[in-house]
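Visitor: I'd like a close look at a single part of this model. Could you walk me through it?

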Amino acid sequence: MGSRSTSATCPSCNALFERVAVEYDEEGGCVALQVTPCTACRRLLCSACDCSQCDGCGNVFCADCLQLVEDGTGSPLHCCQVCVQEGGGSAAGATPAGGVRSDPNHGPR
Ligand SMILES: [Zn+2]
Ligand SMILES: [Zn+2]
Ligand SMILES: [Zn+2]
């Protein structure tokens, strides 16, 4: 018991996911869609969302928060705004923004 599943739609890209596990908390049923929040704007990104990693800090950002940075090699980097302001991929110091991690893989099966 407790292993229910349903379908859910990503709030960002409207991709439909079937057989999504449902978790229950104090407010009732809550669909545990596997999403990753954009590091900058907190927009939820599912596996189908248009998102990628920053070439500077390696965090996950949505497409809106990444900027193309020409580094003279012909293949521009994808950098977040923080990395762009810090000079575009200089390895001087990658500061991880916060340590907030939420792992939805909880609960009995
Ligand atoms: Zn974003
Ligand atoms: Zn999505
Ligand atoms: Zn970055």
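Visitor: Which residues does Pro 37 touch, not counting residues up to four places away in sequence?

Guide: Happy to! With those neighbours set aside, Pro 37 touches Arg 42, Arg 43, Leu 44 and Leu 45; contact here means that the C-beta atoms, placed from the backbone, lie within 7 Å. This is a predicted model, where local features need pLDDT of at least 70, side-chain atom pairs count only at pLDDT 80 or more, and totals for chains, interfaces and linings use all residues. Residues are numbered from 1 along each chain as its sequence is written, while chains are lettered from A and ligands numbered from 1 in the order in which they are written.

Pro 37 belongs to strand 4 (residues 36-37); strands (E, at least two residues) are DSSP runs numbered from the N terminus. Pro 37 counts as partly exposed because 15 other C-beta atoms lie within 10 Å, between the limits of 20 or more for buried and 12 or fewer for exposed.

Across the fold, Pro 37 and Val 60 are 23 residues apart in sequence but 7.7 Å apart in space, C-alpha to C-alpha. Strand 7 (residues 60-62) has the highest confidence, a mean pLDDT of 94, on a scale from 0 to 100. Leaving aside neighbours within four places, Cys 62 is in contact with Arg 43 and Leu 45, among others.

Cys 38, Leu 45 and Cys 62 are among the twelve residues of the largest nonpolar core, a set of buried Ala, Val, Leu, Ile, Met, Phe, Trp, Tyr and Cys residues joined through C-beta atoms within 7 Å. Strand 7 and strand 9 (77-80) each give two or more residues to this core.

Technical notes. pLDDT = per-residue confidence, 0-100. Helix = DSSP H or I, 4+ residues; strand = E, 2+ residues; numbered from the N terminus. Contact = placed C-beta atoms within 7 Å.
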